[in-house]
Amino acid sequence: MALKSLREFLKFDAVSFFKSKQLLLMRETPWTDYDSGKEVGAKLKVIIWTDDTKYAKEGVSNEGSEMDIKVPGLKAEDIDRNN
């Protein structure tokens with residue numbers, strides 16, 4: 001599912017984009033630098049679980065959209081699915 005109404009975020013401001021959303025973390029994996037092979041952070045696979053953002057176009061929602069988020073300096077950990 002493709003993300004919608006991204007034109008409203010000409011300069012991508014992650015704080016504004018994620019402010020009215022709840023994310024469901026599905027997986028964490030190490031993020032490695034392609035050239036050096038060194039681990040530089042973690043890559044998070046998330047689903048936008050709820051989207052309460054007020055978009056300019058009515059009826060738009062990104063609920064259910066999947067995203068990969070790269071976080072420099074974060075150590076990837078196993079996710080306890082029973083928690």
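This report covers the sheet, the aromatic pair and the salt bridges of one predicted model.

Residues are numbered from 1 along each chain as its sequence is written, and side-chain values use heavy atoms, without hydrogens or water. Because the model is predicted, local features need pLDDT of at least 70 and side-chain atom pairs pLDDT 80 or more, while totals for chains, interfaces and linings use all residues.

**The sheet**

Three strands form an open, antiparallel sheet in the order E1-E2-E3. E1 and E3 (66–72) are the edge strands, each with a single partner strand, so one side of each has no neighbour in the sheet. From one strand to the next, the twist averages 30°. Strands here are DSSP runs of E, at least two residues long, numbered from the N terminus. Two of them pair if DSSP finds at least two bridges between them. Angles run from 0 to 180 degrees between N-to-C directions, with axes fitted to C-alpha atoms.

E1 (residues 21–32) and E2 (residues 39–51) are joined by 11 bridges. Leucine 23 stands opposite isoleucine 48 in E2. The two strands form a hairpin with six residues between them. In its turn, glycine 37 has a positive phi of about 80°. Seven bridges join E2 to E3. There, lysine 43 has lysine 70 in E3 as its bridge partner.

**Around phenylalanine 17**

Phenylalanine 17 is buried, at 0% relative accessible area. (Buried means under 20%, exposed over 50%, partly exposed in between, with a 1.4 Å probe and protein chains only.) Phenylalanine 17 forms an edge-to-face aromatic pair with phenylalanine 18, 5.0 Å centre to centre and 80° between the planes. Such rings pair if their centres lie within 6.5 Å; planes under 30 degrees apart count as stacked, over 60 as edge-to-face and the rest as tilted. The charged end of lysine 21 sits over the ring of phenylalanine 17, 4.1 Å from its centre. That label needs NZ of Lys or CZ of Arg within 6 Å of the ring centre and within 35 degrees of the ring normal.

**Salt bridges**

The whole structure has four salt bridges. Each needs a side-chain nitrogen of Lys or Arg within 4 Å of a carboxyl oxygen of Asp or Glu. Among them are these:

| Pair | N to O distance |
|---|---|
| Lysine 21 – aspartate 51 | 3.5 Å |
| Glutamate 39 – lysine 75 | 3.9 Å |
| Aspartate 68 – lysine 45 | 3.3 Å |

Salt bridges that share partners join Lys45, Glu66 and Asp68 into one network. Lysine 21 is buried, at 9%, and aspartate 51 is buried, at 8%. Lysine 75 is exposed, at 56%.

How values were computed: Helices (H or I, at least four residues) and strands (E, at least two) are DSSP runs, numbered from the N terminus. Rings of Phe, Tyr and Trp (its six-membered ring) pair if their centres lie within 6.5 Å; planes under 30 degrees apart count as stacked, over 60 as edge-to-face and the rest as tilted.
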